[in-house]
Amino acid sequence: MKKNQAKIKEWPFQKGESTKLIWIGEPFKQNNKWMINSYFKGDKNTRRVLLDWASLHFLVTGKYYIDGDLNNAEVQDNSEVININLNSIKVEYRQRPWEIWGTGFKDKTTSKTFSFVNQGDLYIIPIIEIIRAVLAPSKFMLNRILEMDSFENYFTYTIDKRRLEIHFTWEYDKKLLKDDKINHLAWLLTNHKVIRMFNNIGQSIWQDGELKFGFSLDDFNIKALVEKKGTYTKVLEILALKKKKINVEEINVYHPSLEESKISNEAKIRKYINKNSCSDRDLTSDGDGATKTSEEINTLLITHEYERLPQIHRSKKGIRITRKKENENTKKYILEDDRLRTTADGGGEEVIRGLEFINRDNVDEKGELEEFIGIIRLLGDRHDIRKVDIIIGELSQGRKAKRFSVLSDGITRRKYAIGKIVMMDGKERSLIDVERENRALSMLIIKANILVDWKGIYSLLLLGLVDESGKWSNEAIDKIKKNGANIYRSKHISKNIFDKEIHVYKKIL
């Protein structure tokens, strides 16, 4: 049965022309999003097509694509489907330079594969296929795998004996609470070798600027589409990962959407009206990325089979207020559905995954961070500053020490503020301040003259702050400096707001 179409909007080939995907490039940053170049060979030429990184779950080298429809690719004639047992087989990482020629380009890249020798037979698997099919078989996982310690923005978890408890935040879309997504996440979290592989990918991208990691799975049993030549087998597509082991017997899931609803007599603040046209989608790499919702296009390509499935309990805690009524103050947002979709769920200049910048004039923050907001507003009035935006958020509970994430009353979550500054020459600066409660905690000023992963920087610093119980982490700062950004501590001075703004302005130049 034909699946819903997910078509590339700007497809560079003739209608009806069958094109073979011959190469998938390494991820790179463009406009604060992770992108990849994909290379398709048609009847007369080879074209390079720019896609969001998370479009990877549609891409299989050696398959044929027509009219840019990524969700209905066809297999080549000389391929076959076989079962492969590579349990406890020694793995060798291989890489070699590679060149791709096409219309208007000559790109240099690197071929990276894992090779397995089993009873005289050689099996070759591209490392990007391990990412696509084994570690990150969904859009959510693909977008997380290139990040540093990003899970804490979506959930915290504990493993107690044979029980896994996952406490999700609102940033984790409730549509992803399905059993298959929870089971895969549990497999990651309860197998230290698996989660280490997953984390090493983001670390490699962050520290070394390349896609590289070690293969450390002991149990690796797959069903795959392959191309065979004698004793040589090249894996084109992993269709199923078998006998996965989740090392707990029970999973307790907590999510704000599971809370009991209580109807309020107060009117809605906002209402969203969605005009949905049809199930097919056009993919574009121009979009900034989804922020509030997630749409997983069902590819029906990869099957994950488990030796034993734990019981999943979705638990309720607390009460969620639901407003049913509307009045003249209810803001209505019409969501015009033009069928355009991006597989990125974060990025662009205005949107950060898990964090949303808002215009400085729309912030009404009282308390200790009010002065920080005032400084940002004054900076925005300077002639050599193009734009300033602000984030106000609450600290994550972190991985180790949780006490600093709340104020001294032990209940109220401690807030942070981030100001992002874009200079007229395009250079970017960021300021980070936190509610201090009389602590000697400096504001941080971050300067970058190159394209950096601002999302990763913010997450690394704020999580490090909590883990260090209220001190900026030197380890996190050193890591960020090695990747092209400079960080300065700015002590809070006892002067009026105008003198403080001048003090900060001099430091960001």
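Gln-14 is located in the loop that connects β1 (6–8) with β2 (18–24). The model is a predicted one.

- Gly-42 lies 28 residues from Gln-14 along the chain, and the C-alpha atoms of the two are separated by 9.0 Å.

**Helix α6**
- Helix α6 comprises residues 454–467.
- Helix α6 is mostly covered, as 14 of its 14 residues are buried.
- Ser-469 follows α6 and has a positive phi, near 55°.

**Packing of α5 and α8**
- Two packed helices are described by the angle between their axes and by the distance between those axes.
- For helix α5 (residues 370–380) and helix α8 (residues 497–508), the angle is about 65° and the axes are 9 Å apart.
- The crossing of these two helices, α5 and α8, is right-handed.
- On the α5 side, the contact is made by Glu-371, Gly-374, Ile-375, Leu-378 and Leu-379.
- Helix α8 contributes Ile-497, Phe-498, Lys-500, Glu-501, Val-504, Tyr-505 and Ile-508 to this contact.
- By class, the residues in the contact of α5 with α8 comprise 8 nonpolar, 1 polar and 3 charged.

Key:
Residues are numbered from 1 along each chain as its sequence is written. This is a predicted model: local features need pLDDT of at least 70, side-chain atom pairs count only at pLDDT 80 or more; totals for chains, interfaces and linings use all residues. Side-chain values use heavy atoms; hydrogens and water are left out. Axes are lines fitted to C-alpha atoms, for helices over the stretch in contact, and angles run from 0 to 180 degrees between N-to-C directions. Helices (H or I, at least four residues) and strands (E, at least two) are DSSP runs, numbered from the N terminus. A crossing is left-handed if the near helix is turned anticlockwise from the far one by less than a right angle, and right-handed if clockwise. Contact means heavy atoms within 4.5 Å. Ala, Val, Leu, Ile, Met, Phe, Trp, Tyr, Cys and Pro count as nonpolar, Asp, Glu, Lys and Arg as charged, and the others, Gly among them, as polar. The expected span of a helix is 1.5 Å times one less than its number of residues. Buried means under 20% relative accessible area, exposed over 50%, partly exposed in between (1.4 Å probe, protein chains only).
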